[in-house]
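Follow the stops below in order.

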Amino acid sequence: MAKHDPALSLLFHALADPTRRSIVTTLAEGPVSVTDLAGPTGLRLPTVMRHLSVLEEAGLITTAKDGRVRTCAIVPEALGPARTWLDRQQALWEARLDRLDLIVMQTLKEREND
């Protein structure tokens, strides 16, 4: 069985939820308070806080408290491991498909010559 990176699993788990992806998209524009993040979701604040906790545990966001206001910010470099994994998968499958294409083309040529 292949070795699995627990940090990568946390990252994909965090991004698996559409609400969390929406939060990450919003934070890509700049830091936002938790209250402002909660508004468009229609979710109650405790639910949004659980989503933020998952994102923070995965390293995708940071939070800071200033008085009574908690502000969230994205950590763009946290997506690096996912990008690396996806790039490797893409290269692997492109190589496999190229080999399959070669086999198919050789088979077709052999059938034409028969």
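**Before you start**

This is a predicted model: local features need pLDDT of at least 70, side-chain atom pairs count only at pLDDT 80 or more, and totals for chains, interfaces and linings use all residues. Residues are numbered from 1 along each chain as its sequence is written, and side-chain values use heavy atoms, with hydrogens and water left out.

**Stop 1: the whole chain**

Show the cartoon. The chain has 5 helices and 3 strands. Helices (H or I, at least four residues) and strands (E, at least two) are DSSP runs, numbered from the N terminus. Read from that end, the elements go α-α-β-α-α-β-β-α.

Now zoom out. Along the principal axes, the C-alpha atoms fill a box of roughly 80 × 30 × 25 Å. The radius of gyration is 22 Å, while a compact globule of 114 residues would be near 13 Å. That radius is taken over C-alpha atoms, and the globule rule is 2.2 Å times the number of residues to the power 0.38.

Colour by accessibility. Of the 114 residues, 21% count as buried. Buried means under 20% relative accessible area, exposed over 50%, partly exposed in between (1.4 Å probe, protein chains only).

**Stop 2**

Two strands pair if DSSP finds at least two bridges between them. Click Val32: its bridge partner in β3 is Cys72. Between β2 and β3 there are 6 bridges. Click Lys65 and find its partner in β3, Arg70.

Move to the turn. β2 and β3 form a hairpin with 2 residues between them. Gly67 in this turn has a positive phi of about 70 degrees.

**Stop 2: the helix across the sheet**

Axes are lines fitted to C-alpha atoms, for helices over the stretch in contact, and angles run from 0 to 180 degrees between N-to-C directions.

Within α2, pick Thr19. Is Thr19 buried or partly exposed? Thr19 is partly exposed, with a relative accessible area of 21%. Not counting residues up to four places away in sequence, Thr19 touches Thr41, Leu43 and His51. A contact means heavy atoms within 4.5 Å. Val48 is 29 residues from Thr19 in sequence, yet 8.7 Å away C-alpha to C-alpha.

**Stop 3: two crossing helices**

Select α3 (34–41) and α4 (45–57). Their axes come within 10 Å and cross at roughly 110 degrees. The two helices are therefore roughly perpendicular, a label for angles of 65 to 115 degrees.

Show side chains. α3 contributes Val34, Leu37, Ala38 and Thr41 to the contact. α4 brings Leu45, Val48, Met49 and Leu52.

Definitions and conventions: Angles under 35 degrees count as roughly parallel, over 145 as roughly antiparallel, 65 to 115 as roughly perpendicular and the rest as oblique.
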